[in-house]
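Here's a quick briefing on the pockets and the ligand. Have a look at the model first.

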Amino acid sequence: MPTVLLLGATSDISVAIAKEFGAHGYALQLAARNTEHLSPIQSDLKIRYNVDCTVHAFDALNYDSHQSFFDSLPVKPDVTICVFGVMYEEEDAWNDWKLTHRMIDTNYTGAVSILNIAAKYYSAQKKGTIVGISSVAGERGRQSKLIYGSAKAAFSAYLAGLRNKLFKDNVHVVSVKPGFVYTKMTEELPLPKPLTAQPEEVAKAVFNAVEKKKNTIYTKWMWKYIMLIIKNVPEPMFKKMNI
Ligand SMILES: NC(=O)c1ccc[n+]([C@@H]2O[C@H](COP(=O)([O-])OP(=O)(O)OC[C@H]3O[C@@H](n4cnc5c(N)ncnc54)[C@H](OP(=O)(O)O)[C@@H]3O)[C@@H](O)[C@H]2O)c1
């Protein structure tokens, strides 16, 4: 039975991914900073899919604990999925360095810290899959996603570099770039329905990408073309846009 590790397992997207992998017979390792919040999720997954489902304490910002966290996993996962992330109001972050710092550290530094450890393990094993949930916000810097977008841009670049570095070791890396998704993170935002995915759609796309060894996926698919247009707007025009 293959095993998947979910980092940031209380997230709405992660819960949907856990269900998708559970439905396909994967054993589940749920890791989050608040393990109490994982108990009901764990019980539900066990009942629904009758698969092994374990819970592990993990804080993306506690870098010093990451190696011992990974070493302590009773079974090493075949697939490691990095889902955690934070998106604060950019205006609040602009006025509060602590929020800016936490947004960079969670979305980028914490992700690199734990994925480097998983990557080294997989590289030695000559097999394994890493999935990173980045964002279309990282495709081009803009004012409304100034810090969140730049941290996700760094994370996307890291995932692409990791894919290149680990190819020779038979380790696959999937970059996931969602547009809007209905989750706790976006519940306050007025999202355009046709462009907004349900977490279950993201989960199906992630499972499919792992199975088919896809490199980069966008959810919903049209975001690939939206971002292509946005990336090609000439800078003299782009800098004047309220975007
Ligand atoms: N929703 C969207 O529109 C959208 C679009 C593009 C990309 N994404 C990305 O998708 C991923 C999942 O987000 P979501 O939409 O499912 O939002 P969510 O439900 O708010 O999930 C965010 C998760 O990150 C976890 N987290 C935050 N700081 C952490 C830390 N220091 N250590 C461990 N876990 C931490 C949270 O854990 P707690 O429960 O402990 O707070 C929570 O489980 C994120 O990386 C996000 O940037 C989302």
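The largest pocket has a volume of about 1100 Å³, where a volume is the space filled by probe spheres set on grid points joined across faces, edges and corners. A pocket here is an open set of points on a 1 Å grid over the protein atoms alone, where a 1.4 Å probe fits, with protein on both sides within 12 Å along at least five of seven lines; lining residues have an atom within 4 Å of a point. This is a predicted model: local features need pLDDT of at least 70 and side-chain atom pairs 80 or more, while totals for chains, interfaces and linings use all residues. Residues are numbered from 1 along each chain, and side-chain values use heavy atoms, without hydrogens or water.

**Largest pocket**
- Of its 46 lining residues, Gly 85, Val 86, Met 87, Tyr 148 and Met 185 are closest to the centre.
- α8 gives the most to this lining, with four residues (helices are DSSP runs of H or I, at least four residues; strands are E, at least two).

**Ligand**
- The ligand sits in the largest pocket, meaning more than half of its atoms lie within 2 Å of the grid points.
- Ligand oxygen atoms make polar contacts (N or O pairs within 3.5 Å): one is 2.6 Å from a side-chain N or O atom of Tyr 148, and one is 2.8 Å from a backbone N or O atom of Val 181.

**Second largest pocket**
- About 210 Å³ of space lies here.
- Its lining includes Met 87 and Met 185.

Notes: A polar contact is a pair of N or O atoms within 3.5 Å; within protein, one must be able to donate a hydrogen and the other to accept it, and residues adjacent in sequence count only if both atoms are side-chain atoms.
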